[in-house]
Amino acid sequence: MAYATTNPYTNETLAMFPGIGDEELDRAVHTAQRTFESWRTKSFDERKEVVARAASILRERPDEFARLLTLEMGKLYGESLGEVELAASILDYYADNAEEFLAPERVSTDAPEAGEAIVVSDPIGVLFGVQPWNFPYYQLARFAGPNLMAGNVVMVKHASIVPQSAAAFERLFREAGAPEGAYTNVYASKDQVSRTIQDSRIRGVALTGSEGAGASVAAHAGEELKKSTLELGGSDALIVLADADLDLSVERALWGRLNNAGQSCVAAKRIIVVEEVADEFLRRFAEGFAELRAGDPFDPDTTLPPLSSQSAADDLDALVDEAVDHGALMMTPGDPVPEEGAFVQPRILTGVSRDNPVYDKEFFGPVALFFRAADEDEAVRIANDSSFGLGGSVFTEDTDHGVEVARRIETGMVFVNHPTWTRPELPFGGTKRSGYGQELSEAGIQEFVNKKLINVMPTG
């Protein structure tokens, strides 16, 4: 597997990095295991000193970190700065709250002969994370922050197109005072990932990525009876009811579909609007697409950056062609995108029938699927007619009713009057083929700890 920095704005390869050798990888796992034995004994205050310092460094030098994101995967520079701040806020959140989240819990019993019981949360060891390119720091922060604070140590195999971002996060923790082996970046191959998961010194595995990668990682972890968490794809439905504020709905639907150039698992990929307001919504939504300005992601006037790679752009274009070949109608608002670079023309697909082979596929980029629903019930039916179950949203002036509709949607997260998004204190995870397990919030720090019962029995 080639680890390389290729600027998607120019498709120029700027740097290449050698993969890790098998012996070096074995030494890295050994170092991580040895470090765990000491790291687990550190107090929460000692761990906090490192994790909070990492957050401070991100805030002290945001440009240094943000520039790598834009250079390697094409993210708008303003969004890169936002991701650096988000990563810092996640690290601070766990530095500040881990001790409370993992405090021993006393178990009440009615029988005196049952004695006194408490449940403690022990770290389990070396954790292995396989992480994607679309949010290079955010993904690392939500894996490393809670687990380092819990007393585990982490090893990370990052996406091959963001090697400099991956190395920067490892340097971040070393600069913050983490011992060697507490946070380890490895440029591993696919075969090495499989062998590392099977290594007895690895005690848990977390992956964010595709369904195929998730199935492979889960299978290898399952063979070894290891805990795993998976955050996989999504095809989030954004439902607009008849009483919704259209100005707000259109504005936020555009953001939900186009943030990060549409390359987000929780992007609003399927726009479902009740018939009563469908025409007006689509007209305004298309106008928003037409106003996009493609260009250099470092230019503050650019609103449409390239995708992360030329292969990602080609794959999305092929998916659009497949949709149209099977009967979908295509709207192409706005000016043509540049021919040089990994740009994709923003498009809106309508008339995507259930027998279209793309109906249940994930569109990872600035392409929206637009569905008309006769009424609220049909909107919910369309939303649930998906193998994915990550996030979703409902737009309505009646927020109490919005919550009722949200309860009917089969996903791990539903937002009312906002597309799916993330904050450190909000649990993040899905259902169905979008994976299992939780990240962020208190739930995220509970995934890879041993909930150990200690029961003190009476002696008299």
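Reader: Let's start with pockets. How much space lies in the largest pocket?

Author: About 1,100 Å³ lies in the largest pocket. Keep in mind that this is a predicted model.

Reader: Noted! Which residues are closest to the centre of that pocket?

Author: Pro 132, Trp 133, Gly 209, Ser 210 and Ala 213 are the closest to its centre, out of 38 residues that line the largest pocket.

Reader: And which elements give two or more residues to the lining of the largest pocket?

Author: They are α7 (190-198), β8 (202-208), α8 (211-223) and α11 (310-325). Helix α8 gives the most to this lining, with six residues.

Reader: How does the lining of the largest pocket divide by class?

Author: The lining of the largest pocket has 17 nonpolar, 15 polar and six charged residues.

Reader: What's the volume of the second largest pocket?

Author: The second largest pocket has a volume of about 280 Å³. Its lining has 17 residues, and those closest to the centre are Glu 24, Ala 28, Glu 170, Thr 184 and Asn 185.

Reader: Which elements give two or more residues there?

Author: For the second largest pocket they are α1 (22-39), α6 (163-175) and β7 (183-185). Helix α1 gives the most, with five residues. By class, the lining of the second largest pocket has seven nonpolar, five polar and five charged residues.

Reader: Switching to sheets. What is the order of strands in the open sheet of six?

Author: The order is β7-β6-β5-β8-β9-β17, and the pairing is mixed. Strands β7 and β17 (435-436) are the edge strands, each pairing on one side only.

Reader: How many bridges join β5 to β8, and do they run parallel or antiparallel?

Author: Five bridges join strand β5 (residues 126-130) to β8, and the two run parallel. Within this pair, Val 126 stands opposite Ile 202 of β8.

Reader: What does α1 touch when it packs on the sheet?

Author: Helix α1 touches β5, β6 (153-157), β7 and β8, and its direction makes about 155 degrees with that of β6.

Reader: Nice link. Which strands does α8 lie across?

Author: Helix α8 lies across β8, β9 (227-231) and β17, and runs at about 170 degrees to β8. Both α8 and β8 were among the elements we named for the lining of the largest pocket.

Reader: What about the sheet of three strands: what order, and parallel or antiparallel?

Author: That open sheet has the order β3-β4-β18, with antiparallel pairing. Its edge strands are β3 (105-107) and β18 (449-456), each pairing on one side only. On average, neighbouring strands of this sheet are turned by 30 degrees against each other, direction ignored.

Reader: How many bridges join β4 to β18?

Author: Eight bridges join strand β4 (residues 116-123) to β18, and these strands run antiparallel. For Val 120, the bridge partner in β18 is Lys 452.

Reader: Last topic, backbone angles. What is the phi of Lys 432?

Author: Lys 432 has a positive phi of about 55 degrees, although Lys 432 is not a glycine. Lys 432 sits in the loop between β16 (415-416) and β17.

Reader: Why does Ser 441 count as buried?

Author: Ser 441 counts as buried because its relative accessibility is 6%, and buried means under 20%.

Definitions and conventions: Residues numbered from 1 in each chain as written. Predicted model: local features only at pLDDT ≥ 70, side-chain atom pairs only at ≥ 80, totals over all residues. Heavy atoms only, no water. 1 Å grid on protein atoms, 1.4 Å probe; cavity = no way out; pocket = protein on both sides within 12 Å on 5 of 7 lines; lining within 4 Å. Points joined across faces, edges and corners; volume = space filled by probe spheres on them. Helix = DSSP H or I, 4+ residues; strand = E, 2+ residues; numbered from the N terminus. Nonpolar A, V, L, I, M, F, W, Y, C, P; charged D, E, K, R; others polar. Pairing = 2+ DSSP bridges. Axes fitted to C-alpha atoms, helices over the stretch in contact; angles between N-to-C directions. Contact = heavy atoms within 4.5 Å. Buried < 20%, exposed > 50% of the residue type's maximum accessible area, 1.4 Å probe, protein only.
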